[in-house]
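Thanks for making time this morning.

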Amino acid sequence: MQMLRYFMWRLLNVVPTAFIVSIVVFLLLRLLPGDPAEVIGGPDASLETLAAIRHDLGLDLPLPVQYGIWMSRMVVGDFGTSIVNGFPVSNLILSRLTATMELAVAATLASLIIGIPVGVTAALRHRRVTDWFVTAITGVAMAIPSFWLGILGILLFSIILKWLPPGGRVDFVQNWGLALKSLILPAMTLSLIAAAGLSRIVRSTMLEVLHEDYIRTAEAKGLDGITVVIRHALRNALVPIVTVSGLTFGNLLTGTVITETVFNWPGIGKLLVDSINNRDYQVVQAIVLIIVTIYIVVNLVTDVAYGLIDPRIRLGEKDAA
């Protein structure tokens with residue numbers, strides 16, 4: 001019951017955030033240069049034709065009215081129609097969202113698999129060669145732009161070694177082997193940089209925990225090193241790790257915009273870039289709002305995970321309420 005109240009409190013905090021974000025997304029896109037009517041009408045369209053197009057699209061209405069119409073449709077899942085090709089926006093996004101989620105989930109899992117063990121190892125080898133090596137490598141990895149790392153990966157593994165395809169996506173239903181190969185390069189491009197940041201957080205958190213009294217007590221009881229590290233140290237360091245993991249997933253979801261372009265991955269990131277170039281407001285608004293909504297949901301799940309990992313957090317929330 002206490003956990004349910006904690007969840008409901010966090011859920012209520014999400015509502016005003018989502019409302020404010022929707023206003024910001026709507027207004028910012030109206031400030032972008034360019035006119036959708038000119039894209040549709042072409043360079044030779046007359047003023048009367050452009051005015052008629054704006055009227056059909058509702059772009060001549062006051063902004064509050066446009067926002068109200070847009071939000072009323074958003075609530076029922078109607079994202080409108082693409083200005084450029086006339087297809088329903090929801091269909092365009094759904095056809096691409098699976099590919100983006102597939103890439104983001106794979107990259108997040110890879111970053112966790114790489115980042116947590118590397119961070120724990122660096123903490124256990126504090127001020128030794130291993131620790132210095134990990135710190136140097138992760139520092140360099142965090143400074144590398146993802147698009148440059150992706151290009152290097154294509155040159156090495158696709159052109160020189162010919163191990164992996166240079167781009168594109170294959171559905172797992174059609175050919176799971178080729179689909180897995182096409183996923184490795186873009187997923188690793190995203191995950192390596194994320195794993196570098198995660199490993200540094202894990203290292204610093206573990207260093208704090210390893211000096212706590214209960215760790216010395218566990219060691220004094222004769223528990224083996226693996227049990228002390230996993231059951232006592234790592235478990236008590238999970239809260240910041242969960243925080244970074246949630247943010248990592250959100251960052252990877254939006255970070256796929258560049259990576260999808262480099263690898264010609266047919267996700268919402270590439271659709272977003274194409275829609276911005278075409279001034280397709282309906283598609284851009286929907287994609288940005290979906291990405292922000294996923295961010296909010298991830299943060300909500302992370303907050304709930306805090307309460308499950310450390311009961312003191314939800315008790316503190318109850319006292320504050």
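Let me begin with what I mean by a patch: patches are made of residues with over 30% relative accessible area and no salt bridge, where like charges are joined within 9 Å and nonpolar side chains (Val, Leu, Ile, Met, Phe, Trp, Tyr) within 5 Å. A salt bridge here is a side-chain nitrogen of Lys or Arg within 4 Å of a carboxyl oxygen of Asp or Glu, and accessible areas come from the Shrake-Rupley method with a 1.4 Å probe, with only the protein chains shown counting as cover for residues. Please keep in mind that this is a predicted model, in which local features need pLDDT of at least 70 and side-chain atom pairs count only at pLDDT 80 or more, while totals for chains, interfaces and linings use all residues. Residues are numbered from 1 along each chain as its sequence is written, and side-chain values use heavy atoms, with hydrogens and water left out.

With that in place, Phe-147, Trp-148, Ile-151, Leu-152, Leu-155, Leu-156, Ile-159, Ile-160, Leu-161, Trp-163 and Ile-258 form a nonpolar patch on the surface, and together they have about 1,000 Å² of accessible area. Which helix gives the largest share of the nonpolar patch? That is helix H7, residues 146–160, with eight residues; helices (H or I, at least four residues) are DSSP runs, numbered from the N terminus. Ile-258, by contrast, is found in helix H11, residues 238–262, and is partly exposed at a relative accessible area of 44%, where buried means under 20%, exposed over 50% and partly exposed in between, with a 1.4 Å probe and protein chains only.

Ser-146, also in helix H7, is buried at 18%, and, not counting residues up to four places away in sequence, Ser-146 touches Thr-189, Ile-193, Ile-258 and Thr-259, a contact being heavy atoms within 4.5 Å.

Moving on to the aromatic rings, the structure holds four aromatic pairs; rings of Phe, Tyr and Trp (its six-membered ring) pair if their centres lie within 6.5 Å, and planes under 30 degrees apart count as stacked, over 60 as edge-to-face and the rest as tilted. One of them is the tilted pair of Phe-157 and Trp-163, at 6.1 Å centre to centre and 40° between the planes. Phe-157 is partly exposed at 28% relative accessible area, whereas Trp-163 is exposed at 56%.

Leu-164 lies in the loop between H7 and helix H8 (176–209) and counts as buried at 14% relative accessibility; its contacts beyond four places in sequence are Phe-157, Ser-158, Lys-181, Ile-184 and Leu-185. In that loop we also find Lys-162, which has a positive phi of about 60° although it is not a glycine, and which is exposed at 65%. Most residues other than glycine have a negative phi.

Methods
Helix = DSSP H or I, 4+ residues; strand = E, 2+ residues; numbered from the N terminus.
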